[in-house]
Amino acid sequence: MIISYAGHSPAIDTDAWVAPDATVCGDVTVGAGSRVMHGARIVAEAGGSIRIGRYCIVLENAVIRATARHPCTIGNYCIVGPNSHVVGAEVGDEVFIATGAAVFHGAHLGRGSEVRINGTVHLRTRLEPGAVVPIGWIAVGDPAQVLPPDRHEAIWSHQKPLDFPGYVYGVDRNEPDVMLKITGGLSAALGVHRTESA
């Protein structure tokens, strides 16, 4: 389904294809030769934009999102695997994001990098060109430290200063009622979807 949102309609190249049960919503551009497969969701929230290059493959049930604070770009010749999640990131050319991987706000994935099955690239993390995040591992920081999932304390020591609540939602994690502020703000912002049109 192609949905106009917040005054923006998706621009899909005539040589691209979007499955009828996929969603492309808002200020989204999809380049020539790209394919958006069944169940995928590509949503640019109000003020945000998504740019998908040429010959990109967005596989089943993948989610690509952008917000006003965090646009999202996917370079040329990329694969975004089934059930993966990319939000507010900059993905270079020829990047492989495997099944179940997650790439967060402000991340930069260099050309030819790989995030393998269930790998994670945390917010504000920079992968150098050709870098690999192994199956289930976590990349965090700039430059990225790539760590196994059983190293939670080491991961958190890099992740905490990246300040997820502040960077993503503009909320100080040390204030009371953090989740009330985050969800209240999100509810107001996402309420604009009531004006969508197909």
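**Close-up 1. Packing of helix α1 against strands β22 and β23 in the predicted model.** The buried residues of helix α1 pack against β22 (138-140) and β23 (145-147). Helix α1 spans residues 152-159, and its buried positions are A154, I155 and Q159. These residues lie on the same side of α1 because they cover an arc of only 130° around the axis. An α-helix has 3.6 residues a turn, so residues three or four places apart point the same way.

**Close-up 2. The cis peptide bond between D142 and P143.** The loop between β22 and β23 contains P143. The peptide bond that leads from D142 to P143 is cis, and its omega is near 5°.

**Close-up 3. Surroundings of N76.** N76 belongs to the loop that connects β11 (72-74) with β12 (79-80). With a relative accessible area of 16%, N76 counts as buried, because the limit for that class is under 20%. A polar atom of the N76 side chain lies 2.7 Å from the backbone nitrogen of R54. When neighbours within four places in sequence are left aside, N76 is in contact with G53, R54, C56, D93 and E94.

**Close-up 4. Two non-glycine residues with positive phi, N61 and E94.** E94, one of the residues in contact with N76, is found in the loop between β14 (90-91) and β15 (96-97). The phi of E94 is positive, at about 60°, although this residue is not a glycine. E94 is partly exposed, with a relative accessible area of 41%. N61, in the loop between β9 (57-58) and β10 (63-66), likewise is not a glycine and has a positive phi, of about 65°. The relative accessible area of N61 is 42%, and the residue is partly exposed.

**Close-up 5. The buried proline P10.** P10 lies in the loop between β1 (2-3) and β2 (11-12), and its relative accessible area is 14%. Not counting residues up to four places away in sequence, P10 touches I2, I3, S4, V24, C25, G26 and V28. The C-alpha atoms of P10 and V43 are separated by 9.7 Å, with the two residues 33 residues apart along the chain.

**Close-up 6. A nonpolar surface patch formed by Y169, L186 and L190.** Together, Y169, L186 and L190 have about 210 Å² of accessible area. L186 is located in helix α3, which covers residues 178-190. This leucine, L186, is partly exposed, with a relative accessible area of 30%.

Methods
Residues numbered from 1 in each chain as written. Predicted model: local features only at pLDDT ≥ 70, side-chain atom pairs only at ≥ 80, totals over all residues. Heavy atoms only, no water. Patch = residues over 30% accessible without salt bridge, like charges linked within 9 Å, V, L, I, M, F, W, Y side chains within 5 Å. Areas by Shrake-Rupley, 256 points an atom, 1.4 Å probe, with all protein chains shown as cover. Salt bridge = Lys/Arg side-chain N within 4 Å of Asp/Glu carboxyl O. Helix = DSSP H or I, 4+ residues; strand = E, 2+ residues; numbered from the N terminus. Buried < 20%, exposed > 50% of the residue type's maximum accessible area, 1.4 Å probe, protein only. Polar contact = N/O pair within 3.5 Å; in protein donor to acceptor, adjacent residues only side chain to side chain. Contact = heavy atoms within 4.5 Å. Arc of directions from axis to C-beta.
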